[in-house]
Each structure stands twice: as structure tokens, then as C-alpha cells.
Amino acid sequence: MEGAEEVGSGGHLVPLLDDNGSGGLDASLLHRLYVGHFLARWGARMWEFSVGLYMIHIWPGSLLFAAVYGVVESSSVAVLGPMVGTLVDRLTYLQVLGLWLLVQSLSFIVAGVSVTALLVFDNLKDTSFPVFVFLVVVTNVSGALAALSTLAGTILIEREWVVVICSGHPAAALTNTNSVIRRIDLGCKLLAPVLSGFVISFVSTQASAVALALWNVASVGLEYWLFVSVYNGVPALGENVQLRRQSAALSSSEIVAPDDEELRYGQDVSDWRVGVTKHLSILPCWDSWVVYMRQEVMLPGVALAILYFTVLSFGTLMTATLDWKGIPAYVISLARGFSAIVGIAATLVYRLCTRGFRRFEQGCGPSGSRHWCCLLLCVGSIWVSGGVASAWVLMAGVAASRLGLWMFDLAVMQLMQDNVRDSDRCVVGGVQNSLQSIFDLLTYIMGIIISDPRDFSELIVLSFFLVTCAALMYTLHVYRVRKHLFHLDKIIAKLGW
């Protein structure tokens with residue numbers, strides 16, 4: 001009923017429904033959240049698209065520099081991702097916000113300046129090799145810091161603020177807000193590369209790097225103001241930090257207590273566990289990984305992470321390969337933009353699916369099979385004669401597969417939001433991103449091993465195999481939860497057997 005109210009998080013009265021159907025959420029605060037998210041993601045998407053082109057211009061004819069950059073960035077997130085999640089969990093929201101925006105902006109500014117210097121003085125590797133190496137190292141380190149700070153922002157906004165803001169509202173509010181957040185990200189993935197591609201193609205690569213640095217100088221202050229206004233407008237955000245800390249303290253005390261099985265049967269039952277844990281506890285953030293592995297949604301999370309071990313995306317390696325094959329930068333950016341449009345369509349289809357299926361059913365079935373079938377087109381591109389024709393088939397397959405991929409991504413993200421308790425959400429989010437980066441890192445390691453663009457077909461086959469493995473893992477999770485994969489009784493009844 002319109003105008004109805006419910007006690008929301010923190011005891012504050014909030015309307016259940018408003019005129020725009022947003023589930024009672026304050027429209028002005030949501031708009032500020034969306035605009036701030038857009039500004040933050042735009043710069044990250046500009047860099048994500050352009051860095052592969054920068055690297056292949058710095059070292060022409062090889063994927064080596066692009067792959068090395070990918071290794072540095074992915075390994076940083078893989079190793080430090082759980083620490084970032086723990087840091088977000090321990091600091092206040094405003095502290096995380098300030099740290100995220102400051103580090104991200106400074107990193108992109110420094111990266112833009114160093115890349116500009118490498119592109120302008122393109123003979124540095126011959127005239128002053130130490131300076132050349134120094135600038136390459138600065139670019140890689142800055143990119144890694146930007147990735148870590150972006151991870152902190154992703155955990156803060158997508159896994160914390162969105163859940164807290166939507167708490168106390170109808171379930172559709174969280175689904176709709178997740179869809180809009182993902183649509184904004186995909187919109188940036190659509191428009192930022194198109195702009196960068198046109199600047200690279202019709203102005204210069206150097207101008208693109210300068211534009212990246214200037215964007216971050218101009219936008220960081222506005223981003224901070226927008227997010228702070230959202231924080232001040234939602235009292236539950238200020239209260240949720242204390243609630244999480246109290247919950248974490250309680251859960252820690254529960255972990256310390258021995259279970260009944262150990263008390264009954266003595267130390268024999270758990271000796272091997274204690275030994276393994278003792279040896280593994282020396283690893284960084286081992287406790288965070290333990291928390292992750294206890295989650296019911298671990299298998300879907302791992303399945304999603306495996307999908308990052310792929311070159312079948314408009315990422316650094318594929319972008320560099322397409323450029324090597326003679327595809328202009330603006331064409332690559334338009335193809336990437338089309339794939340983002342398909343991804344945006346996935347967020348709309350996902351909202352429709354939530355009305356008729358449970359979330360683990362949305363992630364499986366049509367979305368997973370559609371993603372897998374579209375990638376068959378990418379495998380087929382290996383046997384297409386002519387480099388340009390093969391590249392077009394490859395781009396078409398990757399773009400079409402985004403519909404199933406992003407539906408799966410949304411399903412897994414909301415599974416985690418719904419099934420991971422508040423005190424673990426930041427930690428689980430950090431580990432999930434770390435796991436994704438581990439598989440992303442493996443992609444770039446394979447890019448170093450197979451650095452000749454002429455052998456890109458081997459990476460395509462490997463990627464397709466791993467997507468198949470991810471699909472099987474998610475199918476195992478569905479079977480474990482439902483105890484079956486198909487409603488055979490309903491199928492038989494409809495067939496009249």
C-alpha cells in the first residue's frame with residue numbers, strides 16, 4: 001500500500017513504497033550514490049581499456065608488456081585483496097571512502113603522466129634504458145595501487161552500502177539497486193572505451209593518457225562530496241559499523257570455543273586439522289580465507305572466479321591482440337561498447353528473472369548455457385581464414401556471451417549479499433576479489449608464456465575449457481542445494497508419460 005511505513009535499520013521509520021517504485025528508497029540520495037559511482041568507475045574503465053594499447057605501443061609486436069602489467073596488477077589484488085577486505089571491515093566508512101578516492105585518483109594521475117612520458121619520448125629504451133625501466137615500473141605500480149583502491153571502493157559501495165541502504169525495505173529494492181549499480185558500471189564500460197578509442201585513433205595515444213590524468217584531477221572532489229552526502233543522509237550507515245564490530249566480536253568468541261565432537265572424542269579427531277591450520281596460518285590473511293571457505297556460497301564464488309581465467313573478454317591481452325591484427329582502436333572500443341550494451345540488457349533480463357525463479361536457478365540454466373554457447377563462436381574463429389575476419393568473429397562471440405555472463409555475475413553477487421552475515425561481508429568480498437585476481441593473474445602468466453599474438457588461439461581453447469569447468473562447478477552447487485537438476489516429474493507430467 002502506497003505510503004506504508006516500516007521500521008528500518010537502526011529503528012528509523014522508512015516508507016515501504018514511493019511514487020517512483022524504488023521500494024521506498026530516497027531518490028535524491030540514490031541519484032547521488034549513482035552519480036558518484038559513475039564518476040569513480042569512468043576513470044577506472046578508461047584505464048582498463050587503454051592500458052593494453054599503451055603497452056603494445058610502448059613495446060610493439062609483442063604481448064609481453066601487456067601481460068607483465070596484468071601480472072603485476074592481478075598479483076597485487078590476489079595477495080593483498082583479503083587485507084583490503086579486512087581493512088574496510090576495521091575502518092569507518094568515511095575513512096575507507098577518503099582512502100579509496102585519494103589513492104585511486106593519485107594512482108591514475110601518476111600512471112597517466114608516466115605513460116605520457118613513455119609515449120612522447122618513444123626512443124627512451126635506446127637512449128636512456130634505466131629511465132625507460134623506471135617509468136615502466138612506475139606505471140605498473142600505479143596501476144596496481146589503483147586496482148587495490150578500486151577494490152576497496154567496490155567492497156564499500158556494492159557489498160556494504162547498498163545492502164545497508166536497502167535493509168528494512170522490500171526485497172525488490174536490493175535487486176533493483178544492484179541492477180542499476182551494475183548498469184552504471186557497464187555503461188562506463190560502454191562509453192569510456194569509446195571515447196578513449198576515438199581519442200587514440202583520431203588525436204593521439206598521448207592525448208588519451210593526458211585525458212585520463214585530467215579526469216581524475218577534476219572528478220575526485222565531486223565524488224567525495226556526493227558519497228559523503230549519501231553517508232550523512234542514511235543514519236543506518238553510521239550505525240552499521242558498530243553493529244558489525246559487535247557481531248564480529250561475538251563470532252570470534254564462538255570460534256575459540258571447542259565443539260562437542262572434540263570434547264567427546266578428545267584431540268584425536270582434530271589433531272590433523274590443528275596441524276594443517278598451524279602450518280597454513282602463517283600465510284597472509286589465512287583467517288579471511290577460512291571465513292570464506294565456511295560460506296554456503298563458496299562454490300558459486302569459486303565458479304565465478306574461474307571465469308576470470310580467460311582471454312575471451314575485451315581485456316588487456318585480447319585488446320592488444322586485436323590491435324596487432326590490424327583492428328583500429330576506435331573499432332575495438334565500439335565492439336567493447338556493444339558488448340557492454342549486451343551486458344546492460346542482462347541487468348534488465350535479470351530483474352525479470354527474479355520474479356519467477358530463485359537466485360541459484362537464475363545463475364544456472366539459461367544464463368550459463370547461453371554464455372557457453374556464444375563462446376563456441378570464439379572457438380570457431382580459430383579456423384576462420386584471414387586475421388581481420390577471424391578478429392570480427394572473435395569479437396562477435398565475446399560480445400554475445402556477455403548476456404549470460406553478467407546475469408551469472410549478478411546472481412552470484414546477490415547470493416552472497418543474502419547469505420553472508422553482516423560481520424563477514426567485507427572479508428568475504430575481499431577474498432572473492434582476491435580469488436578472481438588469482439585466476440586473472442594466471443591468464444596473464446599464460447600471456448607471458450604464449451606472448452606471440454599468432455598463438456592466441458591456444459589461449460582461446462584454454463579459456464573455453466575453463467568456462468566449461470566453471471559451469472560444472474556451479475551445476476554441482478545447484479545439485480547440492482536442490483538435490484536434483486531438473487523437475488523430471490513436471491516434465492513427465494507435461495509430456496503425458
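**Reading a predicted model**

Me: Where does leucine 145 lie?

Reply: Leucine 145 is part of helix 5 (residues 129–166). Helices are DSSP runs of H or I with at least four residues, strands are runs of E with at least two, and both are numbered from the N terminus. This is a predicted model, in which local features need pLDDT of at least 70, side-chain atom pairs count only at pLDDT 80 or more, and totals for chains, interfaces and linings use all residues. Residues are numbered from 1 along each chain as its sequence is written, and side-chain values use heavy atoms, with hydrogens and water left out.

Me: What does leucine 145 count as, buried, partly exposed or exposed?

Reply: Buried means under 20% relative accessible area, exposed over 50%, and partly exposed in between (1.4 Å probe, protein chains only). Leucine 145 has 41% relative accessibility, so it counts as partly exposed.

Me: Is aspartate 409 buried or exposed?

Reply: Aspartate 409 is buried, at a relative accessible area of 9%. This residue is found in helix 17 (residues 387–419).

Me: Which residues is aspartate 409 in contact with, leaving aside its neighbours within four places in sequence?

Reply: Contact means heavy atoms within 4.5 Å. With those neighbours left aside, aspartate 409 is in contact with Arg182 and Leu304.

Me: What pLDDT does the protein average?

Reply: pLDDT is the predictor's confidence in each residue, from 0 to 100. The protein averages 78, and 79% of the residues score at least 70. Among its elements, helix 3 (residues 93–120) has the highest mean pLDDT (92) and strand 2 (residues 13–15) the lowest (36).
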